[in-house]
Amino acid sequence: MKRNSILPLLVGAICLLTGSSYGYAQKITNLVELKQKSSNELFHHLSKAPHTPAFESENYWVWGSSVIKGDDGKYHMFVSRFPKSLPFHPSWMVASEIVHAVSDIPQGPYRFSDVALPARGAQYWDGRSAHNPRILKYNHKYYLIYMGSTHPFAEPTYDELTLDSPWCIVARANKRIGLAVADSPYGPWKRMDEPILKTQPNTFYSFLTSNPSPILQEDGSVMMIFKGRAHTENGKHSDMALGIAYAPSIEGPYTVLNNNQPIFQIDGQGEAEDPFLWKDQRGYHAIFKDHVSKFTGEWGGGAMAHSKDGINWNIDKDPKAYSRTVEWEDGKIEMQGQLERPFILFENGKPTYIFFATMDGPGGFENAKKSWNMVIPIR
């Protein structure tokens with residue numbers, strides 16, 4: 001990736017030296033002014049967010065979502081949820097399911113309909129966790145591309161489940177990207193017994209593949225940004241990198257492009273995750289979470305990049321695409337505990353709403369008491 005300016009590097013270095021963390025970033029007090037002055041095609045057009053959650057689920061943590069308009073004229077959301085009887089982080093790796101919710105209007109609120117992808121047994125690659133859904137429709141069929149994982153252990157208790165516990169160690173290493181197919185958004189869903197994007201030795205995704213963001217192209221082929229981690233010599237795993245894969249059809253086979261090299265290098269743009277990819281007549285576009293505040297100056301804010309071919313990317317001249325600080329419809333300005341998993345809903349080729357997974361608290365997954373999916377209209 002081309003380096004556009006030394007400023008983001010300096011911002012990141014200052015934050016590292018001062019011990020700042022994206023989980024504890026300061027609220028942006030001039031958000032409205034920043035949006036008005038921004039030349040970023042998304043950030044400048046973000047409207048005020050309704051307080052009513054787009055989706056929430058009692059007794060569950062709720063995370064990333066994806067929305068599509070169905071043949072019935074209704075809007076269908078596919079969203080991750082996992083029980084609050086376990087800590088938010090890392091229970092998404094060991095206990096997440098993908099549920100289906102419905103609304104008559106795109107912004108919601110969405111009403112729970114059914115569990116699309118439940119747990120299905122430790123013997124399956126995705127038997128214990130289905131997470132990070134993306135929904136596509138092609139030739140009258142619906143396709144869910146998602147992250148799955150498994151582990152062989154009995155269910156953990158709240159106190160047992162930590163990042164260093166066997167559940168998390170094994171489940172993290174088993175994260176892969178898979179596919180399910182149905183004739184209707186209500187299912188039933190046929191799940192593939194093998195992932196569509198596995199790990200590969202001696203690559204940036206030798207340890208895991210996750211966070212898929214696919215798009216359908218005019219000829220039915222698929223381009224998909226995804227997150228990878230590599231095995232390291234110390235027996236652990238690398239930082240996060242983003243790569244791009246191609247398939248001639250949704251069901252595959254998927255091939256990682258760019259000679260198995262990431263399109264966003266860890267030592268180039270720093271860690272990034274939660275990508276969202278789209279394409280228009282100008283080429284490919286992506287937003288992603290600026291995990292180390294290298295481009296936006298905000299830990300956990302959103303950065304935007306553009307590409308002609310999906311492989312060679314340039315950061316936007318005004319890169320901030322969204323902020324963890326939100327302008328609500330009542331005029332209140334508030335910083336969210338987390339703001340992740342962006343998804344833009346396009347209608348008639350135009351972006352109309354952006355959905356986020358979010359939570360309360362001062363920052364850091366361990367500080368939240370609730371999580372939900374929120375929506376921001378795009379003017």
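**Entry 1**

I began with the pair E1 and E2: eight bridges join E1 to strand E2 (residues 75–83), and the two run antiparallel. The model is predicted, so I kept to pLDDT of at least 70 for local features and 80 or more for side-chain atom pairs, while totals for chains, interfaces and linings use all residues. Numbering starts from 1 along each chain as its sequence is written, and side-chain values use heavy atoms, with hydrogens and water left out.

For terms, I take two strands as paired if DSSP finds at least two bridges between them. Helices (H or I, at least four residues) and strands (E, at least two) are DSSP runs, numbered from the N terminus.

At Pro83 in E2, I found Tyr60 standing opposite. I then traced the whole sheet: it is open, has four strands in the order E1-E2-E3-E4, and pairs antiparallel. Strand E1 (60–69) and strand E4 (111–117) each have a single partner strand, so one side of each is left without a neighbour in the sheet. I noted an average twist of 30° from one strand to the next.

**Entry 2: helix H3**

Next I looked up what packs on this sheet. Helix H3 (residues 88–95) does, touching E1, E2 and strand E3 (97–103). Contact here means heavy atoms within 4.5 Å. The direction of H3 makes about 110° with that of E2. Axes are lines fitted to C-alpha atoms, for helices over the stretch in contact, and angles run from 0 to 180 degrees between N-to-C directions.

I checked burial too (buried is under 20% relative accessible area, exposed over 50%, partly exposed in between; 1.4 Å probe, protein chains only). Seven of the eight residues of H3 are buried, so the helix is largely enclosed by the rest of the structure. I listed them as Phe88, Pro90, Ser91, Trp92, Met93, Val94 and Ala95.

**Entry 3: Ser210**

I moved to strand E9 (residues 208–216), which holds Ser210. Ser210 is buried, at a relative accessible area of 0%. Beyond its neighbours within four places in sequence, I found Ser210 in contact with Asn132, Met147, Lys175, Ile177, Phe226 and Lys227.

**Entry 4: the E13–E16 sheet**

Last, I traced an open sheet of four strands, antiparallel, in the order E13-E14-E15-E16. Its edges are strand E13 (272–280) and strand E16 (313–322), each pairing on one side only. Inside it, I counted six bridges between strand E14 (residues 283–290) and strand E15 (residues 302–307), again antiparallel. Ala286 stands opposite Ala305 in E15.
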